[in-house]
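Subject: Structure handover

Hello,

Here is the structure I promised to pass on. Please have a look, then read my notes below.

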Amino acid sequence: MKAKVVREWLAQIGSKTLLIESDGPWENGCCESFNGDMRDELRNGESVYSLKTGTVINEMWRMHDN
């Protein structure tokens, strides 16, 4: 609902969408920072041999990090 209102308001003032480049990590610093932290703190320090193990480890890391 809110997104629709914002889109309508942006259309009224003449604003246009600007898409970021795909495969351009410099375009999305927040996601890249998170991915870097996750890689440093989790993935580089764990050996994962199954999807279930990876899911459990990811959830434990998420709960600890938040």
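I13 sits in the loop that links α1 (2-12) to α2 (29-41). Helices here are DSSP runs (H or I, at least four residues), numbered from the N terminus. Together with V6 and W9, I13 makes a nonpolar surface patch of about 310 Å². A patch takes residues with over 30% relative accessible area and no salt bridge, with nonpolar side chains joined within 5 Å. Areas come from the Shrake-Rupley method with a 1.4 Å probe, and for residues only the protein chains shown count as cover.

Keep in mind that this is a predicted model: local features need pLDDT of at least 70, side-chain atom pairs count only at pLDDT 80 or more, and totals for chains, interfaces and linings use all residues. Residues are numbered from 1 along each chain as its sequence is written, and side-chain values use heavy atoms, leaving out hydrogens and water.

Next, the charged pair. The structure holds one salt bridge (a side-chain nitrogen of Lys or Arg within 4 Å of a carboxyl oxygen of Asp or Glu). E59 and R62 form that contact, at 2.6 Å, N to O. Both lie in helix α3 (residues 51-65), three residues apart, about one turn of the helix. E59 is partly exposed at 36% relative accessibility, and R62 is partly exposed at 38%. Partly exposed falls between buried (under 20%) and exposed (over 50%).

Last, the helix packing. The axes of α2 and α3, as lines fitted to C-alpha atoms over the stretch in contact, come within 12 Å and cross at roughly 115°. The two helices, α2 and α3, are therefore roughly perpendicular (65 to 115 degrees, on a scale from 0 to 180 between N-to-C directions).

Best wishes

Terms used: Patches are made of residues with over 30% relative accessible area and no salt bridge: like charges are joined within 9 Å, nonpolar side chains (Val, Leu, Ile, Met, Phe, Trp, Tyr) within 5 Å. Buried means under 20% relative accessible area, exposed over 50%, partly exposed in between (1.4 Å probe, protein chains only). Angles under 35 degrees count as roughly parallel, over 145 as roughly antiparallel, 65 to 115 as roughly perpendicular and the rest as oblique.
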